[in-house]
Amino acid sequence: MPSQGLTTDVEFTPVWLILENAFTEIHTKNASKLSFEELYRNAYKLVLKKKGEELYNKVVAFERAWLASVRSLVVHTLSAPLLMGDEVGGRTLATTNERREAGEKFLRCLKQAWEEHNTCMGMLTDVLMYMDRVYCTDHRKQSIFAKAMGVFRDEILRTEFRQEMPVLLEVLRRVVLDQIQMARDGEAVDPFVIKSNVYMLEALYRSEQEVEDEKLYLRDFEPDFLSQSRDFYRGEGERLLKESDAGTYCRHAKRRIDEEGDRCRSTLSETTTPKIQMVVEDELIRNKMKGLIEMESGVAFMVDNDKLHELGLVFELEARVDPRKPELTKAIQRIVMEMGAAINNAAIAASEAAPTTEAVAPAEEQEEGGKKAAPAKAINAQTLAALKWVAEILALKDRFDAICRQAFASDQVLSTTLNRSTADVINSFSRSSEYISLFIDDNMKRGIKDKSEAEVDALLEKSIVVLRYVADKDVFETYYKKHLCKRLLLKKSQSVEVEKLMISRMKVELGNAFTGKLEAMFKDMTLSEELSNGYRKHVAGMQRDDGGEGGGAKAAELSIKVLTSMTWPLEAFRSGVDSEGMEGGNGKGGRVEILLPPEIRRVKEGFERFYAQKYSGRRLTWQNNMGDADVKARFPSSRHAVHDVNCSTYAMLILLLFNNDDNARGARLGGKEMTLEEIEAATNIPMDDLKRNLQSLAVAPKTRFLVKEPMSREINAGDRFRWNEGFTSKFMKIKVGVVSAGNKVEGDRERRETEKKSNDSRGFAIEAAVVRVMKQRKELPHAQLLGETITQLSHQFRPDVGMIKKKIESLIEREYLERVEEAAVPSYRYLA
Amino acid sequence: MSGPTDVLREGFAETGEFSDFEIVCGPYTFKVHKAIICAQSKYFRAPCSKFAESDKRTIELKAIGDGEGDEACDDPDAIKLMIDFFYNLDYVAEPLEPSPVPRRLAATSAPSPLPPEPDVVPSVLESQPVEDASGFYVPKRTKKKGKKAIQAGNNTVMHAKVFAAAVKYQVFALQELAATKFASATETSWNHTKFAEAARIAYTTTVEEVRELRDAVGRAIHEHPELLDKLSIETAVKDNAALNYELLRMARGMPAIAENRVIDEGLKCAECGTWLFYEECNPCKGEYRGCCGTCSNPNCLLEL
């Protein structure tokens, strides 16, 4: 630009020569000889005299020339192993050591060139401060420092130094990548010299604009680094999966991730850390997780061998890449389901084996001289299957809880998965409700004997834990009621306290509605106790009043349980054999009145009168089949004069038929003979019950009070019975076995019945829920009604959609609901 | 009134205690403190840490007349005031001798129409002590930034020199202060015979992009056209083309320099001859490298 109008014109060249000399001194590290004042003043002078642009261009040209000479120095350090690219096989030709040393030499030289350039440019910037401030700012030029950095990039890194050869930037990239690869292979490389070169790449930009993401490091190095790393780890991951076991793999992957993080800190740039970790995670974890988990030594193996630490590693790895941990979750779910299915199948197998044992048992009974242990064993085999099942389920749950706690850091997702899987296992087993109830039953009867409070508590807690998973709580309730009923009526329970404790636990867990009926059973028991006592006093009072009634004979004592009919599952006492027979007699009207001998009838009527006084308007239905009686019997040949015989009410009635002396209770029994049909006619006992009781009295060796003709196991029509005069026993007290006393797994028919019953009650529950929902909403689309109904019922059982539909149909028929014709989606309206 | 600056002055500047560097200029040697001078001036960081000066712990600022006498050298008195400023955050310039009585060459009988130079400007300052009886006082001016009163005196020449030193040595606070003082002094002392020299210094010691002094000079001449009758002013204006040009623009009612300069020369592609105006050079954002970047020259450096 023209520059006139200055008072004193300055000749550019002599001043520039002074500066140029000084710059050479600076670049050759002789700056301490130079007078800053003089240099600054000269540069200042040139700018003041409008020679700023010329000065600027001269400085740039000077740097360009200087750096060209530096470039040839750097190029000199390049040795053959570095110049031969991968294509030529440079890698394979030179040994690692040679390559590493050659690389380091090159990197050191470049680092030095860069650092010196920076130092020199710092000093030049000092000298040219005035130019920067006045000329560069006003003419929108880059500062001389930034410009010189660009010159370094162009002259050193981007200038072709030999034909057909990559520029130094390319060489640098290859060398650094090669060094990193060596580090990964375990060679000791110098991190500092690499880091210095990375600093350089981070300080240089692709163009003059110096846009942040245009840094050479980000554009010309990092992408290659990442893609090379990706290739490397992909290969390494695949190789490791083939060659090592899962535990080793996990440890290796974790080490690699940490290593790469450390490498970024020490050798590259922190900004790369997340990116390279992502790459390693992708290649070693995300893409390999499935393979890793399914390896022979994968998660299943670790679970089997309690390798908690390795499971922890797998968890840690996957948690890194995905908070949902899909692969591990899937694997754990699958393993739990498999192990659960094994437990379920074992239980099914055991229960299927059981009926055969049962069939064999009576035969054994005869052969072995009628040992009562045999049927008990058979029953136990069933119960044992249930106990085993519950114990195994608990063990399964405990095991995985421990894994979850110790290896998975009690992770939310995995705990949920475990819970869901456990629930699935339990609910996929059709007898789970029954088995849990049996488990509790067995413990109430036997298990809690001699156990400390804490142990009992733990036992109850276990039951609740399993119970929590059961979806069909109503089915469980049915079974529990049945079992509880037997325990209470037959006084099998070890401790009523514990029973009540259990109920209160269930109350906490499942709610009032669930335990209401169970509690009512306990209430009935207490009331009955009071009632029996009251009646006893009443009778005693009456006898005192008109003493000697009934010829001075002592009236039979009565202990009675009055049971609310809806609360108690009395059908529990009918075994599978006679259930069909009972169905007919179940209805109150159709029931055949049992014929009682007068002395017993008197007691019964006496109690009925007493009860009617206390509670007018209530009707008592006698469940003779459930009672038992104590009678005194005399056998001439036995060494005891009188035996106390405890037997069922039916057995007592049968025995009384053979009583010779009506007046003397417990006196000699006569020698009269009766056929089966005659006994039935005399007592009205249902045939099945009759046969069963006769089996006890005439077949079982220890209690063979009667002799049967012909002698055989089975009771058949036309069999004749008579008094067994020759009965002996060394025991004074004899208990006649009650065939139906023991608890056992249901037979198929029983099960069908239970199912039917629970289906019926579910039907009512569904109808009630539908009506409740509709009453509130008045009008509702079908899908929504389904949803709300299911939600309402979910704490009791999992309602079947088909059943809900049927119930809706039936409600429409009965005009509780109607279809809304004009609605877009199928909807219903509530009819008040 | 013992503020931090008093402590600085009394504790260090006057005693030279703990001094770790020397600044020499002409007859003066200043014992200074690196911490203080480097905080004020970016310039001094380099000699305090590098180059020969850092070894000798001394920097010699070439004074005018030391052999290389030209505008790039310094007036030792201006440097002294700059050092004062480092420790006081202010400086006081010696007042000038009163002008000789001006005289008209074209001897018409009429007496000088020029207004007499005011002997004494009535002081409106709040009874500040007057140090020198012969001094001129500038009335307190409320600066736009609401700063405290500036004691400027009439020494426009010295203010211009201090300003030049401040720009050269990158003491930005001093640059602003000196410019303000110069403007104040100009307003009262434009009629002083030394004003011509002040104008010359203003137009030669700083580049045209540094506007503060130039604007003050231009405004004074524009507002007082009678100055152009003065021989001293005539010489000064004639000697400086930039001043010439700016006065011309102002006379035409234009701002002293163009806000939007029209570029009509210089940027022509060396290869294809396309005119490429500075502002239009998009790809390089003002980095003209001799080629338009759109021609087919393979060596074209512009990145598109």
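**Notebook: chains A and B of a predicted model**

I began with burial: of the 832 residues in chain A, 50% are buried, where buried means under 20% relative accessible area, exposed over 50% and partly exposed in between (1.4 Å probe, protein chains only). This is a predicted model, in which local features need pLDDT of at least 70, side-chain atom pairs count only at pLDDT 80 or more, and totals for chains, interfaces and linings use all residues. Residues are numbered from 1 along each chain as its sequence is written, chains are lettered from A and ligands numbered from 1 in the order in which they are written, and side-chain values use heavy atoms, with hydrogens and water left out.

**Entry: scores**

I noted ipTM 0.77 and pTM 0.63 for the model. Chain B has an average pLDDT of 72, with 63% of its residues scoring at least 70; pLDDT is the predictor's confidence in each residue, from 0 to 100. I looked up residues 107-113 of chain B, where pLDDT stays under 50 and the model has 1 contact beyond four places in sequence. A contact here means heavy atoms within 4.5 Å. Residues 298-304 of chain B are also below 50 in pLDDT, but that stretch has 14 contacts in the model beyond near neighbours in sequence.

**Entry: chain A overall**

I get 32 helices and 9 strands for chain A. Helices (H or I, at least four residues) and strands (E, at least two) are DSSP runs, numbered from the N terminus. Among contacts in chain A with a separation of 6 or more, 72% are between residues 24 or more positions apart.

**Entry: sheet E3-E5-E4, chain A**

I traced an open sheet of 3 strands in the order E3-E5-E4 of chain A, with antiparallel pairing; two strands pair if DSSP finds at least two bridges between them. Strands E3 (673-675) and E4 (706-709) of chain A have a single partner strand each, so one side of each is left without a neighbour in the sheet. Neighbouring strands in this sheet are turned by 25° against each other on average, direction ignored. For angles, axes are lines fitted to C-alpha atoms, for helices over the stretch in contact, and the values run from 0 to 180 degrees between N-to-C directions.

I then checked the pairing of E4(A) with strand E5 (residues 720-723) of chain A: they run antiparallel and 4 bridges join them. Val707(A) has Arg722(A) in E5(A) as its bridge partner. Helix H29 (residues 687-698) of chain A packs on this sheet, touches E4 and E5 of chain A, and makes about 110° with the direction of E4(A).

**Entry: sheet E1-E2-E6, chain A**

I found another open sheet of 3 strands, ordered E1-E2-E6 in chain A, with mixed pairing. The edges are strand E1 (628-633) and strand E6 (733-735) of chain A, each with a single partner strand, so one side of each is left without a neighbour in the sheet. Strand E2 (residues 643-648) of chain A runs parallel to E6(A), joined by 3 bridges, and Asp644(A) has Lys733(A) in E6(A) as its bridge partner. Helix H27 (residues 649-657) of chain A lies across E1 and E2 of chain A at about 120° to E2(A).

I looked at the loop between helix H18 (373-406) and helix H19 (412-428) of chain A, where Ala409(A) lies. Ala409(A) is not glycine, yet its phi is positive, near 55°. Its relative accessibility is 57%, so Ala409(A) counts as exposed. Ser410(A) is in the loop between H18 and H19 of chain A too, and its phi is also positive, near 50°. Ser410(A) counts as partly exposed because its relative accessibility is 43%.

**Entry: helix H11, chain B**

Which residues of H11 (residues 241-251) of chain B are buried? I list Leu243(B), Glu246(B), Leu247(B), Arg249(B) and Met250(B). Down the axis of H11(B) these fall within an arc of 160°, so they line one face of the helix; the arc is that of the directions from the helix axis to the C-beta atoms. The face turned away from the buried side of H11(B) carries exposed Leu248(B) and Ala251(B). Cover for the buried residues includes helices H8 (195-204), H9 (212-223) and H10 (231-239) of chain B.

At the start of H11(B), I see a side-chain oxygen of Asn240(B) within 3.0 Å of the backbone nitrogen of Ala242(B). Gly253(B) follows H11(B) and has a positive phi, near 80°.

Conventions:
A polar contact is a pair of N or O atoms within 3.5 Å; within protein, one must be able to donate a hydrogen and the other to accept it, and residues adjacent in sequence count only if both atoms are side-chain atoms.
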